[in-house]
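Please look over the structure below before reading the notes. The briefing covers fold, chain contact and local packing.

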Amino acid sequence: MSLVVIAFLVSIAAGGFGALVGIGGGLIIVPVLTVLLGVPIKTAIAASLIGVIATSMSASAHYLDSGIADRRLGLLLLLATAAGGITGGLLGSVIDGRVLALLFGTLLVFVAVQMIRQRAALPAPVPHDDPEGGFVSSYIEPSDGSEVSYRARRLQAGAAVSFAAGNVSGLLGVGGGVINVPTMNLAMGVPIRVATTTSTFMLGPTAAASALLYFSAGVLDPVLAGPVALGVFIGARIGARMSSRVSQGALRVAFIAVALIFAMQMFFRAITG
Amino acid sequence: MKGMLGRDDATATSTTPDGSRPSGASTRATSAALTIGSLISAGCFLVAIALEVVGRPTTAASVLDLTAVIRSMTVPEPWGWATLGVVIVIVTPAVGLLATVLEYRGRREAWLALGVLGILAVSLGVALLR
C-alpha cells in the first residue's frame, strides 16, 4: 500500500475525531507521518496544517449554521491566534523542537488534570444582569433543545492564551484547539460544546497563517498534503454530523483522553529527538 | 457594564430563522464560502490521488510558478492538481472572513474580521519576502 493511500486512511480517522473535539487531528497525523511513515517532520507539520484548515472549513460551515459556534468570540480570539500562527511558523525554524515538545507535553498534562477535576461541575448559566466584563450570549443545546446562556469572561487573558495557541499551531502543525478549548471552557466560562465548535472555527485562519510560511519555504509537499487534507475533510464531515448526538460529558472525557495521549507523544519526542 | 465589544447583550434568548445566533448576523455567506472551498479543493485532491494511484509521474516545481502548476495540471500530473488544491485550502479561510465582513457590515464584528484578514495579509507578505 502506497504512502499516499496510508496517509489518506489515517487522515480520515484523525479528521473525524478532530472535528468532534475541536482539535484538528494534527496530534495524530504528525506522529504517524514522521514515526511510522518516515516523513521529515517539517513536511509532516506542513501537511498537517493543510489538514487542519480542511477540518475547520468542513466542520465550521455546519457549526455556524447550527448556531452553536460563537463567531463573535471566535473572531475576537482569532486576532491573537492568527498572529501567533505567524510567529509560530517563523520560530519553527530556530527553536529546538525537543524543548518545545517537553514544554507542550507538560502543559497538556496540566490541562488534562484541570479538566478531570472539573468534570463534575459543568459551567452554570450566568444571569443576564451579572455585572462582569466580557459579553453574554446563548445557544440552543441540540441534545435537549434547551437554551443555554453564558458569559464569555476574561477576554484579555483568553486572547493572550490564544496567541500562545497560535504559536503552538505554527510550530507543531496542530490546530491549537488543545489549548483554546480548555481556555474557553475553564478560564472564560464558555460551555464545552461552544468552546469546541468555536475552536474549530478558529483553526482555519490560524493554520492558514502558518501554512503560508511553510508553503513559501518549500517544505510543504502538495502530493502528500493532498490526501491528508482530503482524508481529514471526509472525516471532519462525519465528525460534525455526529457532534450533536454526543453529550457534553462525553466530549469532555474524549478531550481529556486525547490531551493525555498527545502529552505522552510530546514527551517521547523530547527524549528521542 | 459594557463588554469588550462595547455592547450589552442582555436578551440573547432565541435563534434567528436561518439558525444563526441571537447576535443576529446571518452565516449563510460564510458557510457557503467554506463549503464551496472545501468541495473544490477536495475535487482537486481526488484528481491528484487518482493520478498518483494510476502511476502518473510527477515533476515538482516551485509552487509560486503559476505556469508550471498549470502545465502540470494539463499533462496531467498529481503535483499540479494537488498544488491547486492546497492553494484553494489556504485561500478559503480568507474568503470566508470576507463573507463574514459582509454579513456583519456596519457592526463591530466586521472590523474584527477585517483585522484577522489583515493578519493573514501580513503572513502572505512575510511568505513572499522570504
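What follows is a short briefing, grouped by topic.

This is a predicted model, in which local features need pLDDT of at least 70, side-chain atom pairs count only at pLDDT 80 or more, and totals for chains, interfaces and linings use all residues. Residues are numbered from 1 along each chain as its sequence is written, while chains are lettered from A and ligands numbered from 1 in the order in which they are written.

**Chain A overall**

- Helices and strands are DSSP runs numbered from the N terminus (helices H or I, at least four residues; strands E, at least two).
- Along the sequence, the elements of chain A run α-α-α-α-α-β-β-α-α-α-α-α.
- Chain A has 273 residues, of which 61% count as buried; a residue is buried if 20 or more other C-beta atoms lie within 10 Å of its own, exposed if 12 or fewer, and partly exposed in between, with C-beta atoms placed from the backbone.
- Among the contacts in chain A with a separation of 6 or more, 81% join residues 24 or more positions apart; two residues are in contact if their C-beta atoms, placed from the backbone, lie within 7 Å.

**The hairpin of chain A**

- Strand 1 and strand 2 of chain A pair in the antiparallel sense over six bridges; pairing requires that DSSP finds at least two bridges between two strands.
- Ile140(A) is opposite Glu147(A), which belongs to strand 2 of chain A.
- Six residues lie between the strands of this hairpin, and Gly145(A) has a positive phi near 75°.

- Helix 9 of chain A (residues 222-243) packs against helix 1 of chain B (residues 28-53) at an angle of about 125°, with the axes 9 Å apart; axes are lines fitted to C-alpha atoms, for helices over the stretch in contact, and angles run from 0 to 180 degrees between N-to-C directions.
- These two helices are therefore oblique to each other; angles under 35 degrees count as roughly parallel, over 145 as roughly antiparallel, 65 to 115 as roughly perpendicular and the rest as oblique.
- Residues of helix 9 of chain A in this contact include Val223(A), Leu230(A) and Phe233(A), and those of helix 1 of chain B include Phe45(B), Ile49(B) and Glu52(B).
- The residues of this helix contact comprise ten nonpolar, three polar and one charged.

**Helix packing within chain B**

- Helix 2 (residues 66-74) and helix 3 (residues 78-103) of chain B pack at an angle of about 125°, their axes 6 Å apart.
- That angle makes helix 2 of chain B oblique to helix 3 of chain B.
- Val69(B), Ser72(B) and Met73(B) of helix 2 meet Trp79(B), Gly80(B), Trp81(B), Thr83(B) and Leu84(B) of helix 3.
- Five of the residues in this contact are nonpolar, three are polar and none is charged.

**Ala80(A)**

- Ala80(A) is part of helix 4 of chain A, and it counts as buried because it has 23 C-beta neighbours inside 10 Å.
- Leaving aside residues up to four places away in sequence, Ala80(A) touches Ala159(A), Ala160(A), Ser162(A), Phe163(A) and Gly166(A).

Notes: Ala, Val, Leu, Ile, Met, Phe, Trp, Tyr, Cys and Pro count as nonpolar, Asp, Glu, Lys and Arg as charged, and the others, Gly among them, as polar.
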